[in-house]
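Hi,

Here is the structure I promised to pass on. Please open it first, then read my notes below.

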Amino acid sequence: MPTLCVFCGSSVGGRADYADAARHLGTALARRGLGLVFGAGHVGLMGVVADAVLAGGGRAVGVIPQALVDKELAHGRLTELHVVDSMHASKALMADRADAFLALPGGFGTADELFEILTWAQLGIHRKPVGLLNVAGFFAPLLAWVDLAVRERFLRPEHRALLHVGEETEGLLDRLLAPHAGPAVPKWLDVER
Ligand code: AMP
């Protein structure tokens, strides 16, 4: 089963739009026969996505470090729950299980996961599509910084294009799941000049 890895907040955020988008995504995954892999939390948007996948009869696979299980943060009703030793191991296993990645609004944890997976993409460590669901314009400041990094020549336009940005779930899922071949562009901007 094709599987989407979702990075999103362990909080629900300050607007109903965020949880609405998370719920819509989970429902869409189940309806499309796509599996979910995620950080296994029952809290925040993570719990909302997983609950919607399960309510729709879909598969929700969680990967979580033991330290977070000990804090009773793991979702109790997942299709599969993998408990690992560290956040590093958790991110590696999620990446391994996924066919594509999608970030929803969140905080440091979400940003860390998104940028790590983009970094691995630009280094050619994987060629899986990466998306960002820009719910209610939440990511506008972050995207402005990304565009600044391109203008200031810290980031290649080809690597900026590795990030599929969408305002709307269904269209973004279509783009992420379309046959994809990442551009074979070297990472370093200055060495070949
Ligand atoms: P944040 O955006 O800081 O709320 O962090 C959310 C991201 O970090 C999720 O995509 C998870 O993979 C991971 N994470 C943070 N908190 C938890 C938690 N309580 N349980 C499981 N994973 C978490």
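Which helices each supply at least two residues of the lining of the largest cavity? They are helix H4 (87-97) and helix H5 (108-122). Before the rest, one caution: this is a predicted model.

**The cavity**

The structure holds one cavity of 30 Å³ or more. About 50 Å³ of space lies in the largest cavity. Its lining consists of Phe 7, Lys 91, Met 94, Ala 95, Phe 101, Glu 113, Glu 116, Ile 117 and Trp 120. Six of these lining residues are nonpolar and three are charged, with no polar ones. H5 provides the largest share, four residues.

**The ligand and the largest pocket**

Now find the ligand. It sits in the largest pocket. That pocket holds about 440 Å³ of space. It is lined by 31 residues, and those closest to its centre are Cys 8, Gly 9, Ser 10, Met 46 and Gly 109. H5 gives the most, with four residues. By class, the lining of the largest pocket has 18 nonpolar, 11 polar and two charged residues.

Next, look at the ligand's own shell. It has 18 residues around it, and the closest are Ser 10, Gly 107, Gly 109, Thr 110 and Glu 113. The largest share of this shell, four residues, comes from H5. The shell divides into nine nonpolar, eight polar and one charged residue.

- Thr 110: a polar side-chain atom lies 2.7 Å from an oxygen atom of the ligand.
- Cys 8: a polar backbone atom is 3.3 Å from an oxygen atom of the ligand.
- Gly 39: a backbone N or O atom lies 3.4 Å from a nitrogen atom of the ligand.

Taken alone, the ligand exposes 480 Å², and the protein buries 86% of that.

**The second largest pocket**

This pocket has about 240 Å³ of space. Its lining has 14 residues, and Phe 115, Leu 118, Gln 122, Trp 145 and Leu 155 lie nearest its centre. H5, helix H6 (140-151) and helix H7 (157-160) give two or more residues each. Which element gives the most to this lining? It is H5, with four residues. The classes here are nine nonpolar, three polar and two charged.

Best wishes

Key. Residues numbered from 1 in each chain as written. Predicted model: local features only at pLDDT ≥ 70, side-chain atom pairs only at ≥ 80, totals over all residues. Heavy atoms only, no water. 1 Å grid on protein atoms, 1.4 Å probe; cavity = no way out; pocket = protein on both sides within 12 Å on 5 of 7 lines; lining within 4 Å. Points joined across faces, edges and corners; volume = space filled by probe spheres on them. Nonpolar A, V, L, I, M, F, W, Y, C, P; charged D, E, K, R; others polar. Near = heavy atom within 4 Å. Polar contact = N/O pair within 3.5 Å; in protein donor to acceptor, adjacent residues only side chain to side chain. Areas by Shrake-Rupley, 256 points an atom, 1.4 Å probe, with all protein chains shown as cover. Sits in = over half its atoms within 2 Å of the grid points.
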